[in-house]
Amino acid sequence: MLRIASATSTGLVRERNEDRISIAGRRTLEGPAAEWRTEDARQYALIADGMGGHARGEVASDIALTKLEAMHHLLFEDEGIKVALRAANRAIYEAAVSNRDLFGMGTTIVGVAIDDKRCHWFNVGDSRAYLFRGGRMIQISQDHVPSRSGNNRYDHSITQSLGGARFFTEIFPSHGELVIAEDDRILLCTDGLSDLVQDTEIERIIADHEPTFALDRLIARCFELGAPDNISLALMRPETNN
């Protein structure tokens, strides 16, 4: 059994929420964290962060998830991940070319595809995937950011995205595979969380609380720190049927 929780919030500064979350095709709405359990061994989770400062980031993130939902069967293998993400990238550029109001729109993407104990992770941009194991949390995704921004938590420059450039640019996703155990947890999030809350604090909140409460607490913590960006999170936890 897989236990899944997700939540998204506009935050305190942005006028609209450009993030999008899909849990096996089920979109997450603004508000308190939602949670459900599934016995389906094959599940996937995606978070897209529409790029602030570009045209209609929420359109780019929605196009990315819609394309990946349609091609989700490819997300369970390394080569398929690259094919699907590159198709989403091209779809965003094609939409931008057909509508001048959408020119320059882009989005990051982070996701996992879980098949029983096998978990494929992937990302483009700086939205993150973390593995929580044995009381410790480690980042498994790779931030696509300039080397000069490595010591600046608030530098939003990225070196790769789906869309976002003046002309079509191919992407080279980061991806990998791991085996998950019953006590593991996988957290996906946008930089609305990771830029504000230290990894050690995220780790403690996840360790101390049940999934929905943990996500609501993390969003509340972002609000305490000013919540200048949209915040989106998804938490997956395998469990044994009792």
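At what angle do helix 1 and helix 2 pack, and how far apart are their axes?

**Entry 1: basis.** I worked from a predicted model, in which local features need pLDDT of at least 70, side-chain atom pairs count only at pLDDT 80 or more, and totals for chains, interfaces and linings use all residues. I numbered residues from 1 along each chain as its sequence is written, and side-chain values use heavy atoms, with hydrogens and water left out.

**Entry 2: helix 1 against helix 2.** I took helices (H or I, at least four residues) and strands (E, at least two) as DSSP runs numbered from the N terminus. Helix 1 (residues 57-70) packs on helix 2 (residues 78-98) at an angle of about 140°, and their axes are 9 Å apart. Helix 1 is therefore oblique to helix 2. Here angles under 35 degrees count as roughly parallel, over 145 as roughly antiparallel, 65 to 115 as roughly perpendicular and the rest as oblique. The axes are lines fitted to C-alpha atoms, for helices over the stretch in contact, and angles run from 0 to 180 degrees between N-to-C directions. I recorded the crossing of the two helices as right-handed, that is, with the near helix turned clockwise from the far one by less than a right angle.

I then listed the contacts (heavy atoms within 4.5 Å). From helix 1, Ala60, Ile63, Ala64, Lys67 and Leu68 meet residues of helix 2, including Ala84, Leu85, Ala88 and Ile92. By class, this contact holds eleven nonpolar, no polar and one charged residues. Ala, Val, Leu, Ile, Met, Phe, Trp, Tyr, Cys and Pro count as nonpolar, Asp, Glu, Lys and Arg as charged, and the others, Gly among them, as polar.

**Entry 3: burial of helix 1.** Among the buried residues (under 20% relative accessible area; exposed is over 50%, partly exposed in between; 1.4 Å probe, protein chains only) I noted Gly57, Glu58, Ile63 and Glu69 in helix 1. The buried residues of helix 1 pack against helix 2 and several strands, including strand 5 (42-50) and strand 6 (106-115).

**Entry 4: positive phi.** Which backbone angle sets Ala24 apart, although it is not a glycine? Ala24 has a positive phi of about 50°; it lies in the loop between strand 2 (19-23) and strand 3 (26-27). Ala24 is partly exposed because its relative accessible area is 37%. Ala227 also has a positive phi, of about 40°, in the loop between helix 5 (211-224) and strand 13 (231-238). Ala227 is at 0% relative accessibility, so it counts as buried.
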